[in-house]
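Please look through the structure shown here.

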Amino acid sequence: MAYPEFYKPENVGQIYVPDTAAAVLAGRAANLNPASKAQVKTILVLVDVQVDFVHETGALVVPGAVEDTRRTIEWIFNNVNRITTIAASLDSHVPIQIFFPTWWADENNEHPAPYTVIRSEEVQAGKWRPLYDEDWSMEYVELLEKGSRKELMIWPYHCLEGTPGHSLMPALYEAIAYHSAARRTQPIFLSKGSIPQTEYYSMLEPEVKVPEHPLGTLNTDFLNTVASYDKIYVAGQAKSHCVLETVSSMMRYFDDQPKVINKMRVLKDCMSSVRHPTIDFDTMANKALKAFEQRGLQIADSSMPLR
């Protein structure tokens, strides 16, 4: 396929002001049927394809994310006449959150370094003490380990609201704008991760529920919207965390709806795992996805025809 004239593959990993006008004009010129008239409805769910995860200087850059993003963009262009809706999440943080260094200190009043794992027994022993919401913090590390089978990871400051790192990669945004104009349909943008008291890997729910917060429980409205599509594709960053947990949320919610699970496809070459010096996140993610595949989830490749 000949890609739109405004698209430059070499710009995929670059930060610049998206040329939305050119993308929209190109989309209108494509003269495609509107999404509202599609006989087969297909949604692409994009998880956190943001500057801080993709750009080489990003605060939490995922190795391989630029090429993942290029394949994603070109998959959109190749299938623009088949994709009816694009939904994208935005990891959205503030400076003081339970998984950032600011929240914790050790016996010397030093903050933990990024990628430090804080375990419940260490908090109980006083090795790490919370500087905010002490009672909740003590409970949180225990709930996290029990409910999510995770330990609290301290992350670099990333995707802070109001910073460049929070934005979608510009070339991807242009592709979304192009699709929107070409199919006369609005994209869906979902913000997640701004609750200070919990991590929020999945775009659909926090790691530990915070019922009193508007974003503190499972987003059943969006899940029910997703279920209405004939085909459901998922891609984004990072495979080992936010993509995997988003898929996990879907698998749990649709556990008694195998027909919906059979409509779900993960684009394996449009996502990569976080790299950690001692934890093999990629192997863990592959194991989980393999188990989901045995329950009906399909693993696809961006080179495959949309089916």
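Leucine 297 counts as buried because its relative accessibility is 2%, where buried means under 20% relative accessible area, exposed over 50% and partly exposed in between (1.4 Å probe, protein chains only). This is a predicted model, in which local features need pLDDT of at least 70, side-chain atom pairs count only at pLDDT 80 or more, and totals for chains, interfaces and linings use all residues. Residues are numbered from 1 along each chain as its sequence is written, and side-chain values use heavy atoms, with hydrogens and water left out.

- Leucine 297 lies in the loop between α10 (281–293) and β10 (298–300); helices (H or I, at least four residues) and strands (E, at least two) are DSSP runs, numbered from the N terminus.
- Beyond its neighbours within four places in sequence, leucine 297 has contacts (heavy atoms within 4.5 Å) that include Val247, Met251 and Ile261.

**Aromatic rings**
- The whole structure holds 15 aromatic pairs; rings of Phe, Tyr and Trp (its six-membered ring) pair if their centres lie within 6.5 Å, with planes under 30 degrees apart stacked, over 60 edge-to-face and the rest tilted.
- The pair of phenylalanine 6 and phenylalanine 77 is edge-to-face, because the centres are 6.0 Å apart and the planes are at 80°.
- Both phenylalanine 6 and phenylalanine 77 are buried.
- Tryptophan 103 and tyrosine 132 form a tilted pair, 5.4 Å centre to centre with 45° between the planes.
- Tryptophan 103 is buried at 2% relative accessible area, whereas tyrosine 132 is partly exposed at 33%.
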